[in-house]
Amino acid sequence: MEQENKSTINIIDRKKIIISGVKKLESFNDKQFLVITNLGNLIITGHELSIEDMLMTKGDLCINGQIDSLKYSGSDFKKNNESIFKKIFK
């Protein structure tokens, strides 16, 4: 039970991010990843972002690219997807 609430984030030189405790990759493109983790919804923004490795059975995700920001969101992605995508694709 305690293991389910754990999550780690390692950032290497702002060029690689390794996340454990991933439940679901909600959506992604080269500028933004929306990730549901054991500790909440995580928004990762940057440039030229891409998936290096994803082992969802273990809850691990590795992303390459220029990492600009990480933000935990208290709201549901599904409620905010429309406004986020409108901003991205203006």
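Modeller: Accessible areas come from the Shrake-Rupley method with a 1.4 Å probe, and for residues only the protein chains shown count as cover. On that basis the chain exposes about 6000 Å², of which carbon and sulfur atoms supply 51%. This is a predicted model, in which local features need pLDDT of at least 70 and side-chain atom pairs count only at pLDDT 80 or more, while totals for chains, interfaces and linings use all residues. Residues are numbered from 1 along each chain as its sequence is written, and side-chain values use heavy atoms, with hydrogens and water left out.

Colleague: Which pattern does the chain follow along the sequence?

Modeller: The pattern is β-β-β-β-β-β-α, with helices (H or I, at least four residues) and strands (E, at least two) taken as DSSP runs numbered from the N terminus.

Colleague: How many salt bridges does the structure hold?

Modeller: There are three, each defined as a side-chain nitrogen of Lys or Arg within 4 Å of a carboxyl oxygen of Asp or Glu. In one of them, the side chains of Arg14 and Asp68 meet at 3.3 Å, N to O. Arg14 lies in the loop between strand S1 (8-12) and S2 and Asp68 in strand S6, so the pair ties together parts that are 54 residues apart in sequence.

Colleague: And what does Lys16 pair with?

Modeller: Lys16 forms a salt bridge with Glu52 (3.4 Å, N to O), and this pair links strand S2 to strand S5, 36 residues apart.
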